[in-house]
Structures are given as C-alpha cells and as structure tokens.
Amino acid sequence: MISFLLCLVIMIAGYFTYGKFVDNIFGPDDRETPAVAINDGVDYVVMPQWKLFLVQLLNIAGLGPIFGALQGALWGPIVFLWITFGTIFAGAVHDYFSGMLSERNNGDSIAEVTGTYLGPVMKTILRVFSVVLLVMVGTVFAVGPAGLLVKLLTEKGVSGVFAQTTVWLGIILVYYFIATFISIDKIIGRIYPIFGICLIAMAVGVIIGIPVHGYHIPEIFSHFSNMHPSATPVWSFMFITVACGAISGFHSTQSPLMARCLKSERQGHFVFYGAMVAEGCIALVWAAAGCAVYEATGGLSTGLAEILQGGQSVAIYDVSVKTMGSVGVILAMIGVVICPITSGDTAFRSARYALADWMNFDQGSFKNRLILTVPVLGVGAFLGFGNTLGFLSYQVIWRYFSWTNQTLAMIVLWSAAMYLVKEHKNYWIAAAPATFMSAVSATYFVMAPECLGLIPAFKNNTSIAYPAGIIIAALFLGLFLRAASKRSNNSTKKNGRRTA
C-alpha cells in the first residue's frame, strides 16, 4: 500500500505546489467575471465556491474516473504513475486553462476559445466535433442508466411498465430537457453538490474497505511490468484508456459551465485545478481496488479481466459490495445510475452552449433556449430510442471516443500554450503536456484496431507506431515553436517602432 499512499500524497501536494505555480503564471486578477458582468439568470449565475467545486467535479467525473481506472488496472499498479503525474502536469493544467480561458472570453464554449488562439479553421472543426461529441455522450449516458435500472428492477421482481427500458429512457430524457433548459442554479446548483459528495464518499469507503476486508494493494516496485492479460502495450493504450482520472478532453466542454458562474478569477485554482486533482484521487482509489480485490495469475490481471467481461457496472457493484457491504450497494446504485445521468444532462447543456456561441444566439430568452434545446434533445432521443429498439447502433462510433477525447485534450493544451505565448508567459507548462499528448494520440491512431490498426500490418505494430508518434509530436512542437518565435519577433518589432 506504500505505492498507493505515496502517489496520493504526491497528487495532493501537487495541488498546493505545481497547481499554485500554474495559477501564478496565468495571473488571476480582480477583473469583473462573466457571471457578474452578464448575469442573465440562466447560464451566467454567481454560485458559491464550494458548490462550483462539487458541480465541476461531478460534471467532469461521473463514472469516468471509475470506469477508466478499473480498465487501466489491467496493466497493474504502474497505472498509478499515469494517474498521479498525468493529473498534476497534464489533466489539471488542461482543466484549469479550459476553464480560465473560457472565463477570460466571456464564458465561451471550448470551440470558440480554441479558435481564438489556433485560428478559424480549428474553430470550425471543433464546433462540429464538440456538438456531435456532446450529443453522443449525453445519449450514451441516458441509454446506459435506463438499461441498468431495468436490470436491477427485474432482478427485484418488478414487471410491467417500469420494467421497460424505453419507459426509463423517456423519463431520463424528460429530466434532461428540464435540466438543460432551466437556470443552472435550479437543479444542477442545488442537487449536484450532494451527488459530488456521494462520489467522494464512495471512494473513501472503497479505500477504507480494502485493508479492512483483507485485501492488499500491490506495490509498483514489485509489479513494474505489463500485467494486461492480452499483452496490450502500455504505450499508448493505457494512456488512452485512463482518460478521466488523468486527462480528458471532455472536461474542456464542461469547464465553461462553471466559468460562467465564478464570482472571482481567484476561485479558478480551487474550482478547476482542484476538481481535477480530486478526480485523480478518486481514479487512484478505483485503480488500487482493481489491483487489490482481484487475483493475478502468472503475473497477469486475469481476475479483473474476468469480472470486466460482465461490464464495468458489474465490476463497480462487485467492488462496492466486497469493500463496503450493504452500504456499498446503495453507493454503487448512485454511482452506476445517477452519476452517468448527471454527466449526460450537462453534456446536453454544453451542446446548447456550443450551438448558442456558434450562432451568436442569446440564451437569456425563453424562446431562444427552446429553439436549441428541442432539436438537441430530439437528436438524442432519436439515437437513444433507436439504439434501445434495435434499429440503430452507435457502438462502433463510441469506440472512437477514447481517442477523440484525448485528441481534444491535446488541442486544448496547444491553445493554452498559444495563449501563454501571446501573453509572454511561460508556455512550457502547456506545451510540454501538449507534446506528450500529441505523441499519445498519434501513436494510438497508428496502431489501434479501430483506427489504422484496421490494416493488418499496422495493428498493434509498435515498431511502426512508436516512431510515428514521436515524429508527429516533434512536428507539432516544431510548428508551435515556429509560430511562437514569429509572434515574439512581431511583438519586438512593434515595440521597437513605438520606442522610436
């Protein structure tokens, strides 16, 4: 358990040290925030800092740090290192800048922010990409809980109308419509902090229950090897699999929600960087549980692989019961049913934000919100019911989510780096993780079975993918440094002319 505790201490210390370093470089000040300046009573609403933190945590987390961490535990305790250092130097930096740059740009959604620093072409690409991604995420987080509710109810002997997936899907979508449409402080601001606390309590219960019930967390130094039963390469599959809990592009679509509710820029360190560190701690707990609760055979995580074959929700339920008993059943229900729903409705709300920013459509008006909410939820309902009734399947598309998620994170980090160049500040805090994530995304794309790995010669071919990833990352860094140098030279010339 020494490795786990050490990683936990490093992550918490990272919030107070590196997190503060990042915050100081950005330089929050006392300017009027969008929540105060615009305050439309719907999306731009001042909320207390503690609520901002808990809502941000739930928005970015949901089941992400649990699902990803359990899958990541298949590689063994080495996943602790990615969760710890990925959170401090990449994920929390990504979340901080996605929130603070949105705040500095009137609460704009991430596509608009990215376009401001990377140009109109990238803005157009991300406008389309982000809306499609958010609707897809929202739909999946409606269909999944609906199916799980039916399964749990039928096991308890419930039959009739409430044993139908379509009925529960309809109920969830009606809730989504209400939560997407009304003021952010009416439901999200009031209820979500409670579920955020439950998410934290769930992680605390698991980590306490592990030693109490006789389980032992393996150490990194005695298991410093690839323990994946399928021998799936660590690089870059583990880095793509554990997205939420280390770094996730989806978070950048959620940060503007809270950026529109900050009373002061000085809250950003706690709300954005802090929420990501909290998510990293949750992910670390669940990764430890995956390594501790299930047996390894021949140095491979065979026990965990077996339980995951029944689905991630089954694994969550199983871990909760084994570590927390009857209390775990209640928390597991909250985890596998309510948490996805809370991520789903904020995904649809973010999609409305993105469309409104794209079309320059004021959302203070009841009518204008209705014009965007109805089609967004309409598409979600079409996809959801289509999937439930069996005539539509987007499972193949969903397989691309992990890669596109990390690629979005890469783009946001490059945007942050360009902002820092523009402000003549230390851009390496964003450029370094952006380069790393460029290598991760490129390597994965070249060899993953759902990407270029569809070609037999490329599938899991590390001898091709590894050099390709390094070359592409170096190319991106080179292009960035060239742009940074050009901007610096232009700035020097302008200053020279002013002096003359």
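1. A residue counts as exposed when its relative accessible area is over 50%, and as buried when that area is under 20%. His 424 has a relative accessible area of 58%, so His 424 is exposed. The model discussed in this note is a predicted one.

2. His 424 lies in the loop between α19 (401-422) and α20. Its phi is near 60°, a positive value in a residue other than glycine. Most residues other than glycine have a negative phi, and most peptide bonds are trans.

3. Ala 231 sits in the loop that runs between α10 (188-212) and α11. With a relative accessibility of 56%, Ala 231 counts as exposed.

4. What kind of peptide bond joins Trp 235 and Ser 236? The bond is cis, with omega at about 0°. Ser 236 is placed in helix α11.

5. Helix α11 (residues 234-241) packs with helix α20 (residues 428-447) at an angle of about 110°, and the two axes are 9 Å apart. Angles of 65 to 115 degrees count as roughly perpendicular, so α11 and α20 are roughly perpendicular to each other. On the α11 side the contact is made by Trp 235, Ser 236, Phe 237, Phe 239 and Ile 240. On the α20 side the residues are Phe 436, Ala 439, Val 440, Thr 443, Tyr 444 and Met 447. Sorted by type, the residues of this contact are 9 nonpolar, 2 polar and no charged. Trp 235 and Ser 236, the pair joined by the cis bond, are both among the contact residues of α11.

6. Thr 33 belongs to the loop between α2 (18-26) and α3 (34-37). Is Thr 33 buried or exposed? Its relative accessible area is 1%, so Thr 33 is buried. The Thr 33 side chain reaches the backbone oxygen of Leu 262 at 2.7 Å. Leaving out residues up to four places away in sequence, Thr 33 touches Glu 103, Leu 262, Lys 263, Ser 264 and Glu 265.

7. A disulfide is a covalent bond between the sulfur atoms of two cysteines. The count for this model is 0 disulfides. Cys 281 is buried, at a relative accessible area of 16%. Cys 244 is buried too, with a value of 11%.

Note on methods:
Residues numbered from 1 in each chain as written. Predicted model: local features only at pLDDT ≥ 70, side-chain atom pairs only at ≥ 80, totals over all residues. Heavy atoms only, no water. Helix = DSSP H or I, 4+ residues; strand = E, 2+ residues; numbered from the N terminus. Buried < 20%, exposed > 50% of the residue type's maximum accessible area, 1.4 Å probe, protein only. Polar contact = N/O pair within 3.5 Å; in protein donor to acceptor, adjacent residues only side chain to side chain. Contact = heavy atoms within 4.5 Å. Axes fitted to C-alpha atoms, helices over the stretch in contact; angles between N-to-C directions. Parallel < 35°, antiparallel > 145°, perpendicular 65-115°, else oblique. Nonpolar A, V, L, I, M, F, W, Y, C, P; charged D, E, K, R; others polar. Disulfide = S-S within 2.5 Å.
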